[in-house]
Amino acid sequence: MSDTLLLRRVSGVHRDHDAAVLTVDALPGVQLGVMPGWLTGEPPLEQGVEVDMPNLPDLELPPTDVTAYELRVSAPSPSVLRLTLAPAGSAVLGDDGTWLGIVTDPAPAPAALTVEEGAEEVVVRSGSLRLRVGRAPFTLTLEDDATGAVLLRSAHRLRQVAGLMMAPTALADADGLALNLELGTDEDVLGFGEQFSRLVKNGQRLTLRSEDACGTGTGLAYKPVPVWHSTAGYTGFLNTGAVVTADVGHTRPSVLGLTVADEAVDLYLVAGGAPKARLTAYTALTGRPDVPPLWAFGYWMGRCRYHSREEMLEVARTMHEHHVPVDVLHCDPDWLVVDRLNCDFIWNGTRFGDRREFVEALAAEGVRLSVWELPYLDPASPRFAEAEEKGFLVRRTDGSLAGIQKTPTPDGRMRALVDFTNPDAVAWWQGMHEAFLDDGVAVFKTDFGEALPDDVALFDGTPANHAHNTYPLRYNGAVSEAIRRHTGRAPLVWGRSVDRGGHAGDGPRWPVVCGERTGVLEPRHRWLLRSRAHSRPLRPLDADGRPLPADARPRAAPA
């Protein structure tokens, strides 16, 4: 039997409170091997196959065993439809969208649905939107109900010369559940979070997984986000922590293929109006940040690294003497005693003296202090044993202690990760910030967070395939909430990694260019443009200031 299932026909429709639920039959699908295209065990003519084509090979059809899926359609607000597609009985079908913490308000302005059942299609209306669901084959078309304009259509119309399906509406296999959408001839797609390539993503294939990117030219990203804008008039948002592969006309020029490494696709479609209006509707679901204090919009300085109190105070005094305004000085890990890929909040008094006195001395120069952190613990830390004994560290599925992956350590020792799904671990981590806030530390740079391994068993049972991309969101959220609760002011963190929804409540995001020596400005400018497309309202940059090698330095134009 084929390991691939094609969602082919709607076999039932019913209402469930405020949602419409459609049963969708999935059938085994195969490819011929000698030519592209998909087949099921249904009669070839029903599939649109040109059976009289002279060189059509023999068709060995797969069985027609049915696997039941469900499409649940709801309307969180008048301009938004939520389409949740999953095997019948999946937990996500009964969830309001908030289980991962990405969606924070599941229904900002719930809208009523009407359902019309016809022989060939089921039509769901809400607000200004009309969703047409084809019965056989299973297809999706989103329209503006007033004008009839097509905003989105599944890619079911794409066929090869013999009529075989090239991009079935939905397809499930070992890689997850894929949704194929048709790209119009003049339709552009923008977004997908931090990316350092062209602003328009057509022709690109993106793997949306938070990584320690080591710069802007590696093809990796710290904060990819499955949010995109189509010039056809809609914004899409996949509510998942799983890795998403977005194939924007790369494999098939007229198809936007979205593959979620999970059994379910939880898709929010925000339609109509200008992109600004669609972003407003999107952030109503995921939350919006507080406006930072005025000083946060000033000039920040840092380097890798300031090594002492005296060095930082000298920088502040020199800037002051030369009438160069500076609002924040950032201190990288040298404020720690164990300071290599470790954060245990043990202040290094030998290098920086009394913390409160240091903050006051900077304040006398008109400067605030930012301090670095990351969510990893070195076994050499005095606090490691406590964290392990109390169950505050992430474990693997085999019960062993998890160590960071894809981020090298300078000494060969593992680094453990704080489990931010454990409320006691969160309280412990947050509590260690309080003395810093009491002493006047203004902001925390929440660095790293991309190194959670794949085979983890988190405290709260979050499935492993959703854990990696949501870890940065939980990490940054814990620090943000600590600042808010302890100080009563709007929180501000300066974070490197993030998942979708991370714009809410935690402040700026920044693309690190560590190790990057050439071509850094162009990709960072592209990132700045793209960050606006997925609602990142605050976009500082961390320019490392390291010297370029001689062969990469700009040269004067010839006279």
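The model is predicted. Ser497 is buried, and its side chain reaches a backbone oxygen. The structure holds 21 aromatic pairs, among them one between Phe420 and Trp429. Arg355 lies over the face of Trp347, and the charged end of Lys445 sits over the ring of Trp494.

**Ser497**

- Ser497 belongs to the loop that lies between helix 7 (464-487) and helix 8 (521-533).
- The relative accessible area of Ser497 is 0%, so this residue counts as buried.
- From the side chain of Ser497 to the backbone oxygen of Phe448, the distance is 2.7 Å.

**Aromatic pairs**

- A pair of aromatic rings is described by two quantities, the distance of the centres and the angle of the planes.
- In total, 21 aromatic pairs are found in the structure.
- Phe420 and Trp429 form an edge-to-face pair, with 6.0 Å centre to centre and 90° between the planes.
- Phe420 is buried at a relative accessible area of 8%, and Trp429 is buried at 0%.
- Trp429 also pairs with Trp428 in a tilted arrangement, at 6.3 Å centre to centre and 55° between the planes.
- Trp428 and Trp429 are both buried.

**Charges over rings**

- Arg355 is placed over the face of Trp347, and its distance from the ring centre is 5.4 Å.
- For Lys445, the charged end is positioned over the ring of Trp494, at 4.8 Å from the centre of that ring.

Definitions and conventions
Residues are numbered from 1 along each chain as its sequence is written. This is a predicted model: local features need pLDDT of at least 70, side-chain atom pairs count only at pLDDT 80 or more; totals for chains, interfaces and linings use all residues. Side-chain values use heavy atoms; hydrogens and water are left out. Helices (H or I, at least four residues) and strands (E, at least two) are DSSP runs, numbered from the N terminus. Buried means under 20% relative accessible area, exposed over 50%, partly exposed in between (1.4 Å probe, protein chains only). A polar contact is a pair of N or O atoms within 3.5 Å; within protein, one must be able to donate a hydrogen and the other to accept it, and residues adjacent in sequence count only if both atoms are side-chain atoms. Rings of Phe, Tyr and Trp (its six-membered ring) pair if their centres lie within 6.5 Å; planes under 30 degrees apart count as stacked, over 60 as edge-to-face and the rest as tilted. A charge sits over a ring if NZ of Lys or CZ of Arg is within 6 Å of the ring centre and within 35 degrees of the ring normal.
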